[in-house]
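Here is a quick walk through one chain of a model, its overall build first and then a couple of its contacts. Have the structure open as you read.

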Amino acid sequence: MAVEVRIPTVLRTHTGGAAVVTVDGATIGDVLGKLVAEYPGISGQVVQEDGSLHKFVNIYVNDDDVRYLDGVNTPVPDGAEVSILPAVAGG
Amino acid sequence: MSMYPSVLALIGNTPLVDISSLSPNPAARICIKLEGQNPGGSVKDRVALSLIEQAEHDGILVPGKPDQILMEPSSGNTGIGLALVCKVKGYHLKVVMPTNVSIERRQLLELWGAEIIESPGSEASNGAVRMAQKLAADNPEWVFLYQYGNPANPKAHYEGTGPEILRDCPEVTHFVAGLGTSGTLLGVGRYLRDQLGEKVQIWAVEPPSGETVDGLRNLDDGYIPPIFEELGGAELLDRKTVVRPRESIEWTRRLTDVGIFAGISTGAAVAGAIKCAASLPPGVEASIVVVSADGGWKYLSTGAWTDDLDEVTERAKSIIYF
């Protein structure tokens with residue numbers, strides 16, 4: 001199932017400058033695995049060695065943060081949009 | 001309600017207004033808490049007063065003593081709130097602020113007599129925090145209250161904003177607010193959870209600001225406020241949703257239909273409340289309370305209400321509005 005992944009500026013050096021890339025996957029874990037396989041530079045940036053999400057990254061499926069859904073097991077419907085965002089403060 | 005000992009006594013007790021006519025779900029009522037009614041113009045007046053009163057209580061600041069200098073990183077509103085409180089109380093304030101904020105934020109800091117130390121806009125608030133931490137280490141005589149790590153920040157909401165919401169809307173089922181320092185969500189969220197248990201859901205709204213921030217070298221330059229981690233923010237929140245600039249602007253505009261002139265982050269928070277209302281099963285009664293962090297005055301220069309939507313959206317991507 002094709003999924004569009006929005007890449008933040010900080011990671012675009014690893015995607016040849018692409019802001020959006022398309023990969024396959026049925027869960028967030030699948031999608032991130034495929035992403036790292038295709039763009040190895042991202043390895044260790046988004047997902048840590050133990051498979052958990054990097055502390056300073058937030059992943060959204062259709063605007064919902066997966067940490068408050070099922071984490072890396074969150075299903076990704078066909079045609080969904082996945083966004084990767086670094087943790088940035090406000091205030 | 002006619003005479004106050006000081007303008008600082010006007011902080012808090014903000015109105016809650018029913019805006020259910022904007023709700024996509026007839027069973028879901030939406031009420032908005034207008035924090036722009038605070039004297040400094042934002043929810044951060046509460047935090048500023050709480051930080052300073054706690055420091056005075058702890059003896060870190062001494063009322064009336066000359067030449068006391070405070071320094072704080074802020075994307076604007078906390079700086080403005082602190083500047084107001086410092087002006088009234090006679091403290092000198094330095095605010096470390098990214099360059100890419102609206103011009104009105106700078107003007108307000110200047111009119112309250114605060115000194116602005118610029119941090120790189122490309123690093124957003126993360127850069128301001130980093131610079132402030134370095135300045136604090138280099139200048140130990142400056143008072144660094146550090147809103148991101150100071151429990152007096154959520155305490156202002158646990159003791160003020162939260163009880164006001166429960167008093168004015170005891171049937172609240174969902175609380176929605178923007179995530180900046182996480183102080184509002186932690187303070188109000190924890191208070192409502194303590195009072196109502198699992199009957200209340202806590203929803204955070206986040207801007208996609210990290211998407212275009214280009215001054216981060218890698219994800220290790222990310223930042224999570226210490227209060228969020230130390231006070232169990234991840235366990236408290238039920239949902240977190242990102243709202244993009246276009247949607248933020250659209251809802252900022254829609255709010256004028258019900259007579260509300262609010263800042264751009266309010267548009268984002270209301271967009272989150274609308275998503276919340278739309279996500280509920282049909283017929284389930286709900287009362288959603290959403291926080292409007294500030295009024296629209298500080299964003300007039302962005303043309304948010306009147307200029308072409310595409311142009312305003314592009315402009316909003318390059319300014320910090322949370």
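## Overall build of chain B

Chain B has twelve helices and nine strands. Its radius of gyration is 19 Å, close to the 20 Å that the globule rule gives for 322 residues, so chain B is as compact as a globular protein of that length. Keep in mind that this is a predicted model.

If you box up the C-alpha atoms of chain B along the principal axes, you get roughly 60 × 40 × 40 Å. Of the 322 residues in the chain, 56% count as buried. As for contacts in chain B between residues at least 6 apart in sequence, 73% of them join residues at least 24 apart.

## Where α10 meets α11

Now zoom in on two helices of chain B, α10 (residues 245-254) and α11 (residues 264-279): their axes come within 7 Å and cross at roughly 95°. That falls in the 65 to 115 degree range, so α10(B) and α11(B) are roughly perpendicular to each other.

On the α10(B) side, the residues involved are E247(B), S248(B), I249(B), E250(B), W251(B) and T252(B). They meet I264(B), T266(B), G267(B), A268(B), V270(B) and A271(B) in α11(B). By class, this contact has six nonpolar, four polar and two charged residues.

## The side facing chain A

How many residues of chain B are in contact with chain A? There are 34 from chain B, touching 21 residues of chain A. The elements of chain B that give two or more residues to this side are α4 (124-138), α7 (209-212) and β8 (239-242).

Note on methods. Residues are numbered from 1 along each chain as its sequence is written. Chains are lettered from A and ligands numbered from 1 in the order in which they are written. This is a predicted model: local features need pLDDT of at least 70, side-chain atom pairs count only at pLDDT 80 or more; totals for chains, interfaces and linings use all residues. Axes are lines fitted to C-alpha atoms, for helices over the stretch in contact, and angles run from 0 to 180 degrees between N-to-C directions. Helices (H or I, at least four residues) and strands (E, at least two) are DSSP runs, numbered from the N terminus. Angles under 35 degrees count as roughly parallel, over 145 as roughly antiparallel, 65 to 115 as roughly perpendicular and the rest as oblique. Two residues are in contact if their C-beta atoms, placed from the backbone, lie within 7 Å. Ala, Val, Leu, Ile, Met, Phe, Trp, Tyr, Cys and Pro count as nonpolar, Asp, Glu, Lys and Arg as charged, and the others, Gly among them, as polar. The radius of gyration is taken over C-alpha atoms; the globule rule is 2.2 Å times the number of residues to the power 0.38. A residue is buried if 20 or more other C-beta atoms lie within 10 Å of its own, exposed if 12 or fewer, and partly exposed in between; C-beta atoms are placed from the backbone.
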